[in-house]
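Me: I have a structure on screen and want to learn how to read it. Can we go through it feature by feature?

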Amino acid sequence: MISGGPSTFLAGSPPRIFAHRGLALNAPENTVLAFSHALASGATHLETDVHVSRDGVAVLSHDARLALPELDIQLEALRIAELQRIDLGFGQSFASLAEALDAFPEARFNLDVKSEDAIAATATAVRAAGATDRVLVTSFSEDRRRRTVRLLPGVASSASASVVAQAVVAARVGNRALIRRVLSGCVAVQVPETASVLHVVTPHFVRAVHSVGVEVHVWTVNEPAAMDRLLDTGVEGLITDRSDDAAALISDRSQR
C-alpha cells in the first residue's frame, strides 16, 4: 500500500495538541486505550515511541526494557505475540505500530524511532498502512532520523537533538541562512522549554525558527499556566501528558 499523497501532518491551523504517549489516565501509556482517550479529549496528534520485537515488528513503548514484578526483560527479546500476551493493566497490552495505525486510520502519529533495529520496522509498518502522509518521524539520533526518512519519501520530520542544538546557536547569532540550512527537511523543531541552564524557547528563538517556515513544538508541558505562557510566545504545538487540560485551555483562549 502507498501513501495517500502529500503530508497532511500539519494540516489545519495551530495550536496543535500532541498527546505524549496518549492520555494515560485510566490507561497504560502508549496503548490503544491511551490513544483513544487522548483523541476523545481533544488531542490533534498522538506522540509515541517505537522499538522492535524479536521478530522484527515495530512495537510502541517508551522504554526498551520491560520491568514488572514477575518479568524483567528487554522488549527485543520477545516476539510480538509474546508481548501482546502481557497484561499492562486496564485490559491493555503492548500495541504494534501497525495495530495503532489501523485502529486510528485518521489520526496523525508523531513517531520517535528509539533504536537502530526499529528503523526498518517503523518504515515497513507505515508503508503497509499507507500512512506516510499522516506520520512525522523523529529521533534523538540524526543518523537514525535520516535513515528512517529515506525509507519513507515525503514523510514529515522534526529535528534531532544535534540539529536542534545547531538551530539554537544559529538563532542566537541571528544567522537566518544557517537556520534555514540546518533545518532543511524538517517541518518542526520539538524542544523542551529549558535544557539544563539554557532557556531554549524564547520569543527570539520562536521568531527565528518561524522565519524559515518551521514550527515550534514544546515538550513536555503539563501545567496550564505553562501552556498559556508558551502559546503566547507563538509556539504551534504542545506535547503534553494532559491533552485534556490542553484542549480545555485552548478552547478557553479561543473565547477570550
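Me: Which elements do the buried residues of α1 pack against?

Reply: Some ground rules come before that. This is a predicted model, where local features need pLDDT of at least 70, side-chain atom pairs count only at pLDDT 80 or more, and totals for chains, interfaces and linings use all residues. Residues are numbered from 1 along each chain as its sequence is written, and side-chain values use heavy atoms, with hydrogens and water left out. Now your question. The buried residues of α1 pack against β1 (16-20), β2 (45-52), β3 (58-60), α3 (97-103) and α10 (243-255). Contact means heavy atoms within 4.5 Å. Helices (H or I, at least four residues) and strands (E, at least two) are DSSP runs, numbered from the N terminus.

Me: Which residues of helix α1 are buried?

Reply: Start with the term. Buried means under 20% relative accessible area, exposed means over 50%, and partly exposed lies in between (1.4 Å probe, protein chains only). In α1 (residues 32-41), the buried residues are Ala34, Phe35 and Ala38. Viewed down the axis of α1, they fall within an arc of 100 degrees, so they line one face of the helix. The arc is that of the directions from the helix axis to the C-beta atoms.

Me: Why do residues three or four places apart point the same way?

Reply: An α-helix has 3.6 residues a turn, so residues with that spacing point the same way. Now try another helix. In α8, the buried residues are Phe205, Val206, Ala208 and Val209. Down the axis of α8 they fall within an arc of 165 degrees, so these residues also line one face. Their cover includes α6, α7 (176-182), β9, β12 (215-219) and α9 (224-233).

Me: How are two packed helices described?

Reply: By the angle between their axes and the distance between the axes. Take α6 (residues 161-173) and α8 (residues 203-210): their axes come within 9 Å and cross at roughly 100 degrees. That makes α6 roughly perpendicular to α8. The axes are lines fitted to C-alpha atoms, for helices over the stretch in contact, and angles run from 0 to 180 degrees between N-to-C directions. Angles under 35 degrees count as roughly parallel, over 145 as roughly antiparallel, 65 to 115 as roughly perpendicular and the rest as oblique.

Me: Which residues make the contact of α6 with α8?

Reply: From α6 come Ala167, Val168, Ala171 and Arg172, and from α8 come His204, Phe205 and Ala208. They divide into five nonpolar, one polar and one charged. Here Ala, Val, Leu, Ile, Met, Phe, Trp, Tyr, Cys and Pro count as nonpolar, Asp, Glu, Lys and Arg as charged, and the others, Gly among them, as polar.

Me: What should I look for in the backbone?

Reply: Most residues other than glycine have a negative phi, and most peptide bonds are trans. Look for exceptions. The bond from proline 14 to proline 15 is cis, with omega near 10 degrees. Proline 15 sits in the segment before β1. Tryptophan 219 to threonine 220 is also cis, with omega near -25 degrees. Threonine 220 is in the loop between β12 and α9.

Me: Is asparagine 30 buried or exposed?

Reply: Asparagine 30 counts as buried, at 2% relative accessibility. This residue lies in the loop between β1 and α1. But serine 196 counts as exposed, at 77% relative accessibility. Find serine 196 in the loop between β10 (194-195) and β11 (198-199).

Me: What does the side chain of glutamine 190 make a polar contact with?

Reply: With the side chain of asparagine 110, at 2.8 Å. A polar contact is a pair of N or O atoms within 3.5 Å; within protein, one must be able to donate a hydrogen and the other to accept it, and residues adjacent in sequence count only if both atoms are side-chain atoms. Glutamine 190 is in strand β9 (residues 188-192). Its relative accessible area is 11%, so glutamine 190 is buried. Leaving out residues up to four places away in sequence, glutamine 190 touches several others, including Phe18, Leu136 and Trp219.

Me: How far apart in space are serine 115 and histidine 51?

Reply: They are 6.1 Å apart, C-alpha to C-alpha, yet 64 residues apart in sequence. Serine 115 lies in the loop between β6 (109-113) and α4 (118-129). Now take aspartate 112 and arginine 180. They are 68 residues apart along the chain, and their C-alpha atoms are separated by 23 Å.
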